[in-house]
Amino acid sequence: MREFIGNARVVAIGEAAHHVREFSLVRHRLLRFLAERCGFTVLAVEAPTVGADAIDAWLHGGAGTVAEIASRASMVGLLESREVHDLLAWIRAHNRTASRPLRWIGTVPGGGSPLPELEAAAGHLRTADPDALPLLEQAAERARKYHDSEIFTTLSRYAALEPADQDALTATLSRLRFRLETMAASQRGTHREQEHAAALRHLGFAWRLDHFHRDVAGRGLPVGSAALDECMAEEVLQLLDDEPETRVVLALHNVHIRKVPHAGPAGLFPAGYHLAQALGDDYRAIAVTGGHGRTARVRPAPERFPGFEVSDVPLPSLTEHAIENAFESQTALTIAILSAARRDINDAESFQQTRMEDYFMDVPVFDAFDAIAHIPRTSCTDYVATHSSRRAGAEPPPRNQPTLEEFR
């Protein structure tokens with residue numbers, strides 16, 4: 001693994017589905033290796049940017065319990081399992097004695113609507129640029145009409161807005177972002193320069209999130225979550241620019257870390273595509289998948305709290321072209337380095353699928369990932385048992401609900 005990673009500045013560790021226990025354990029194990037033996041110092045996760053500072057403070061000795069801290073910056077429950085809590089507790093313990101402690105950053109806009117990002121930028125504007133406050137307040141007022149902490153609920157409420165309201169919000173966010181960009185020069189050399197950069201970053205997140213809402217609602221381009229993927233990649237690349245010695249472990253779904261575009265309309269670029277284009281061999285993508293067992297299925301349920309449904313379902317039988325066929329089913333953990341394997345096999349192009357929740361994602365596996373970590377048998381986290389729609393007595397999701405890949 002050390003030879004494979006080499007001097008890479010970003011190592012992405014994926015997962016074929018959220019809320020799977022063994023995938024969290026693989027990430028934990030690889031993170032420990034990368035932090036203790038390879039000098040990685042940042043864990044960037046598929047979690048909101050707003051709230052990430054509270055988790056990072058806790059990891060460096062702050063007050064509170066791990067459950068309290070994790071719930072403040074979770075998205076569709078991704079941080080609310082025993083396995084993730086164990087990971088956070090290990091980082092906190094590691095940081096007590098490490099010469100280079102691990103930091104935590106979120107990579108997606110904080111919350112379902114732009115409202116949290118706008119609120120995060122408001123403090124700076126009140127003192128540094130009060131003339132821009134009316135624009136921010138207009139944007140916040142419009143965002144409140146559909147805001148919810150869960151993204152699926154927000155998407156449903158946004159789609160129900162009048163097109164005029166959607167257009168007005170987009171225009172206001174664009175004007176506000178441009179205003180802060182034009183004010184950047186006046187902040188240089190003042191004590192507010194870093195605050196201004198942070199506020200502009202929050203507005204950039206809000207702007208991207210608005211475009212994501214427009215795209216999903218059919219009011220923009222048919223590119224799904226491309227705006228959020230660009231946001232994830234930009235957050236990591238900006239960190240690398242600011243801190244040239246930093247090395248980052250990136251924890252995202254397999255669909256986000258892939259290095260090739262999605263099939264479909266032009267512009268369906270995952271975060272891994274942006275990172276691979278910018279970093280070349282300094283980006284390594286490790287997909288994590290499983291052979292048999294069970295998985296978690298997440299579906300939007302906007303009219304029900306908390307806006308989505310998660311179910312414990314069996315994994316389907318393998319398809320002919322699934323990469324999972326290449327692994328011995330009883331080996332506890334196998335990590336196959338695809339770049340090395342390609343030299344010794346003649347059927348790399350036959351692997352055109354990998355697991356994705358309880359179905360298969362079409363992807364040229366050897367082009368999309370640098371390595372595959374395989375677990376023989378998977379199971380759901382305790383979060384699924386606690387929040388399963390079946391246990392809550394809810395009706396099963398309709399068959400026409402979009403899959404996670406279709407939603408993205």
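**Cavities and ring contacts in a predicted model**

Reader: How many cavities of 30 Å³ or more does a search of the whole structure find?
Author: Happy to start there. This is a predicted model, where local features need pLDDT of at least 70, side-chain atom pairs count only at pLDDT 80 or more, and totals for chains, interfaces and linings use all residues. Side-chain values use heavy atoms, leaving out hydrogens and water, and residues are numbered from 1 along each chain as its sequence is written. On a 1 Å grid over the protein atoms alone, a cavity is a set of points where a 1.4 Å probe fits but cannot get out, and the number found at 30 Å³ or more is six.

Reader: What volume does the largest cavity have, and which residues lie nearest its centre?
Author: Volume here is the space filled by probe spheres set on the grid points, which are joined across faces, edges and corners; for the largest cavity this comes to about 330 Å³. Its lining (residues with an atom within 4 Å of a point) counts 23 residues, and those nearest the centre are Ser24, Arg27, Leu78, Leu79 and Val84.

Reader: Which elements give two or more residues to the lining of the largest cavity?
Author: Elements are DSSP runs numbered from the N terminus: helices (H or I, at least four residues) and strands (E, at least two). Those giving two or more lining residues are α2 (21-37), β2 (42-48), α5 (82-97) and β4 (248-251).

Reader: Why is the pair of Tyr146 and Tyr158 edge-to-face?
Author: Rings of Phe, Tyr and Trp (its six-membered ring) pair if their centres lie within 6.5 Å; planes under 30 degrees apart count as stacked, over 60 as edge-to-face and the rest as tilted. The structure holds three aromatic pairs. In this one the centres are 5.2 Å apart, and the pair is edge-to-face because its planes stand at 70 degrees.

Reader: Are Tyr146 and Tyr158 buried or exposed?
Author: Tyr146 is in the loop between α7 (133-144) and α8 (151-159), while Tyr158 is in helix α8. Relative accessible area (1.4 Å probe, protein chains only) sets the class: under 20% is buried, over 50% exposed, and in between partly exposed. Both Tyr146 and Tyr158 are buried.

Reader: What is the distance from the charged end of Arg92 to the ring centre of Trp58?
Author: A charge sits over a ring if NZ of Lys or CZ of Arg is within 6 Å of the ring centre and within 35 degrees of the ring normal. Arg92 sits over the ring of Trp58, and the distance to its centre is 4.5 Å.

How values were computed:
1 Å grid on protein atoms, 1.4 Å probe; cavity = no way out; pocket = protein on both sides within 12 Å on 5 of 7 lines; lining within 4 Å.
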